[in-house]
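I opened my notebook today to look up aromatic rings and a helix crossing.

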Amino acid sequence: MKYRSIREMVEPELQRWRRVRRVAAVGYIVLNAIYMVYRFTIINPHSLLLSWSYFVAESFQFVLGLTYIFMSWQFRRRTSLPPLPGASVEVWVPVYREPLDVIRRTLAAARRIDYPHDTRVFDDGRRPEVRAIAEELGVAYFSRPQNIDAKAGNLNFALSQSRAEFIMVFDADHIALPSALDDLLGYFADETVALVQSPQDYYNTDAFQYFNAKRRGGIWHDQSFFYLFGLPSMDRDNSASCVGTGVVYRRSALAEIGGIPTDTATEDIHTSLRLMKHGWKTVFHNDPVAYGIAAANLEEYYKTRHRWAHGNLHVLSLERVPFTKGLTLRQRLHHLSLGLIYLEGWQQLLLLLIPVVALLTGWQPFVITPLNVLIVLFYPLVSILLLQELGSGYSRIWANEIFSMARWPVHIISVLGVFRRKILWKTSSKLLQTQTTISRVLPQLVIFLLSAIGLGVAIATLIAHFDSGILLSGQVSDMTKPLEQGYTVDILVVAGGWALYNMIRVGVFLKRAWHVSDSSDEHYRFTLQLPMRCDGVAGKMWVATTWISETALAFVTREVIATGSRIRCALPLPTGTVDVTLHGTRTQTRRDGTTEVECSLSTDDEHSQQRLIDALYSVYWYRDLRTNRPIFRTPLQWLAGLFRSTSLRRYRVLDRFAALRSNDGELVFAIVHDEEASPLLTTYQALVIGTQYTLHRNDSTSQEIIRIRIVSEDCSEWHHRIGEEGNSSHRYLFEVASSMQ
C-alpha cells in the first residue's frame with residue numbers, strides 16, 4: 001500500500017465534510033449574534049461588575065470563535081514540486097546548551113539530506129565537545145565572539161559567514177528526513193517566494209502537549225489545529241508564518257529586509273511578516289520534513305508558550321499590523337487572529353473567578369430566571385458542538401479545556417508583549433527526563449482552593465439562612481420570574497456546578513502534569529513491537545518488544561524469565577541486525593499468563609549502538625507508515641454512528657513488523673503490508689527474487705511463522721534511506737509457500 005502524506009490524509013476528510021463545516025460555521029455566527037444580544041438584556045443591575053465581567057468573557061469567546069472560523073474556512077493543500085536543479089544550499093543548525101547526544105543526532109541527519117548541500121553548526125555555547133562532534137561528522141563548525149540577540153543574532157552571524165543561495169534551518173533537536181530539501185526547494189521556482197515552511201512534528205509523543213497518544217489519541221497535540229488548519233488557511237492568503245525550524249529561506253529576500261529581525265523573542269514570525277510587507281510570498285508545505293522533541297514537561301511547555309505568546313504580541317505591536325502598509329486585509333486579519341488567541345488567558349481567568357465571587361457574595365452574574373438559567377448554561381454547549389463540527393474531527397473539546405487550564409497563567413503574563421518590552425530568550429532544555437514542581441501549578445491550585453472555599457461558604461450560608469429560591473419553591477412554572485438577590489439554592493446550583501467543573505479541570509490538569517513527569521526517562525521509549533530472536537530456557541525463542549530505547553527495552557513472553565536474567569538476542573532493524581545483551585531488571589506476570597520483562601540493554605560495540613540509535617531516531621520509517629492520524633468523531637458523526645455503522649479513516653497501512661530468516665540463518669528486518677490481493681513487504685536490505693524466506697511475525701502474545709517466496713520487486717513505491725550506512729528501502733511482492741504455525 002502506498003505511503004500517505006499528511007496532505008493526502010487530511011484533504012479527503014476536509015472535502016468530505018466541507019458543506020457540513022460551513023453550515024456549522026454560519027450557524028455558529030447567527031446563533032451567537034442572537035445570543036449576545038439576548039445576553040446584553042439580562043445583565044444584572046444589582047451586581048454590575050460581576051455581570052459585566054461575565055458578559056465580556058462571553059463576548060471574547062464569540063470573537064475567538066470567529067477567528068477559529070476565519071482560520072478554517074478555506075485551505076491550500078500543496079504537493080511538492082520537482083526540486084530546483086543545481087541550487088546552492090546550506091543547512092544550518094544553531095545550537096546553544098542542548099544535550100550533546102541531541103545535537104549529534106540532528107547534525108548527522110542534516111548531513112544525510114539527499115539534495116547536495118553544505119551542513120553547518122553555529123554554536124553559541126562555544127563548547128569544544130560540539131566542535132569535536134562536528135569534526136567527527138564532517139560538519140563545518142562556527143561560533144561567534146559574543147552572544148548578542150540570541151537565536152536571531154546567531155542566524156545573522158551565520159548569514160555573514162555564508163554565500164549560499166538558499167538556507168535551510170533546523171533547531172538543535174530536529175532530525176531531518178533525507179528528502180527534506182527535495183520536498184521544499186521546488187517551490188522556489190517562483191522567484192517571488194521568500195521562504196517555505198513545513199509543520200513542526202515530534203517523536204516524543206509522551207510529552208505534555210500530547211493527549212492520550214498511547215490510547216486513542218493518535219498523534220493529536222495542542223498545536224495540531226494550527227498546523228492542519230491554521231497555516232494552510234494562512235497560506236491560501238499568502239500569510240503563512242515561519243515557525244523557526246524546518247524552513248528554507250531565499251538569501252536575497254533576507255538581505256532585502258536587513259537579515260533576521262532581532263527586536264522580539266519570536267524572530268520567525270517577525271521575519272515572515274517583514275517579508276510580506278516587502279511584497280514577498282511565503283509558502284506552507286503540509287507535510288513535516290523533520291521530527292523534534294516536544295516540550296516534555298510543564299516547565300518546558302510554559303517556557304515555549306510564554307516566548308511564543310509574548311513574542312507574537314510584541315511583533316504585532318511593533319509592526320503596527322492593523323495600520324501598517326504593505327499587507328492585504330486578509331494578511332492583517334490572519335496575524336491579528338494569531339495575537340487574539342493569546343488574550344485567552346484573561347478570559348479564562350474571568351471564567352474561573354466569576355463562580356467563586358458568586359458563591360462568596362451571593363451576587364448573580366446575570367438576572368436569574370428559570371429561562372435565563374437554561375439558556376445561559378446550555379447555549380455554550382451548543383456553541384462548542386458547532387465549533388467541534390467545524391473542526392472536522394481535528395479538534396477535541398475536553399483536551400482543549402485542559403490545555404486552556406494549563407495556558408492561562410502564561411498568557412496573562414505574555415500580554416506585556418503589547419507594550420513592546422522584549423523578554424530574555426530562554427532556550428528549551430530538550431531533555432526527556434523531567435519533573436513538575438508545585439510552583440509551576442500554583443495558579444491552578446489557587447483556583448482549586450478558592451472554588452472549594454466558595455462552595456463551602458455558600459453551603460454554610462444556606463444552612464444558616466436557608467432560601468429555596470425558585471428550584472425548590474415550586475415556582476418553575478413561571479419561567480421569566482427573576483430570582484431575589486442573595487444566597488439561594490439556585491446560586492449554589494448554578495455557580496457551584498460551574499466551580500465544581502473548574503475544579504475537575506484543575507484536577508485532570510494536575511494529574512496529567514505529574515503523570516508526564518513520572519513516566520519520563522532519560523532516553524525516549526519508542527512504542528514499537530519489533531521482532532527479536534532470543535536465547536531462552538528452551539532454546540531459541542521469538543518475542544516482540546513493547547517499547548525500546550537506546551539503553552533499555554521491554555518484551556512480553558510466555559516463557560519463565562527470572563529477574564536478573566542475562567539474555568542474548570538478535571534484533572533485526574532497518575539499519576541491520578544488532579546483537580544485544582539484555583539484563584532483566586523487572587518481571588511482572590500479566591492477567592493473560594504472559595510475563596512482561598523490562599531489561600537494560602547493551603550492544604557489543606559502538607558501531608552496533610549507533611545502528612540502534614539511527615534506527616530508532618529515523619522516526620519516519622514507522623511513524624508515518626503506521627500511526628493513526630488524529631481524526632476523531634465529530635458530534636454529527638457520533639450521532640450517525642448510533643443509527644448506522646460508521647468508521648473513520650484511520651489509514652493504518654501496516655499489519656505489523658516482522659523478520660525474515662534466510663536458509664543460512666541471516667535475519668532481515670521487514671514491514672509486512674496488509675494487502676491480501678497482492679502481499680507486499682518493505683525491507684532495508686536487498687532480497688533475492690525467487691528465494692524462499694521464513695517470515696517471523698509477532699505481537700506481544702503470539703507468533704506466526706510463514707514460509708514465503710519473493711516474487712518480484714515493486715519499484716513504484718515510496719523509497720528512502722536510513723542511518724549512516726544509507727540503508728535503502730525496497731518493496732517486494734511475495735507469495736505464501738506454507739504456514740509453519
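**Entry 1: ring pairs.** I kept in mind that this is a predicted model. My search of the whole structure turned up 30 aromatic pairs. I picked out Phe 208 and Phe 403: their ring centres are 5.9 Å apart and their planes stand at 85°, so I noted the pair as edge-to-face. The two sit 195 residues apart, and the pair links distant parts of the chain. I found Phe 208 in the loop between strand 6 (193–197) and helix 8 (224–236), and Phe 403 in helix 15 (residues 397–414).

**Entry 2: surroundings of that pair.** Buried or exposed, I asked of Phe 208 and Phe 403? Both are buried.

**Entry 3: charges over rings.** I saw Arg 512 over the face of Phe 208, 5.8 Å from the ring centre. I also noted Arg 525 over the face of Trp 547, at 4.0 Å from the ring centre.

**Entry 4: a helix crossing.** I turned to helix 3 (residues 48–70) and helix 13 (residues 344–361), whose axes come within 9 Å and cross at roughly 145°. I logged the crossing as left-handed. On the helix 3 side, the contact residues include Leu 50, Tyr 54, Phe 60 and Leu 64; on the helix 13 side, Glu 344, Leu 351, Ile 354 and Val 357 are among them. By class, I have 10 nonpolar, 3 polar and 1 charged residues in this contact.

Methods. Residues numbered from 1 in each chain as written. Predicted model: local features only at pLDDT ≥ 70, side-chain atom pairs only at ≥ 80, totals over all residues. Heavy atoms only, no water. Phe/Tyr/Trp six-rings, centres within 6.5 Å; stacked < 30°, edge-to-face > 60°. Helix = DSSP H or I, 4+ residues; strand = E, 2+ residues; numbered from the N terminus. Buried < 20%, exposed > 50% of the residue type's maximum accessible area, 1.4 Å probe, protein only. Lys NZ or Arg CZ within 6 Å of the ring centre and 35° of its normal. Axes fitted to C-alpha atoms, helices over the stretch in contact; angles between N-to-C directions. Left-handed = near helix turned anticlockwise from the far one by under 90°. Contact = heavy atoms within 4.5 Å. Nonpolar A, V, L, I, M, F, W, Y, C, P; charged D, E, K, R; others polar.
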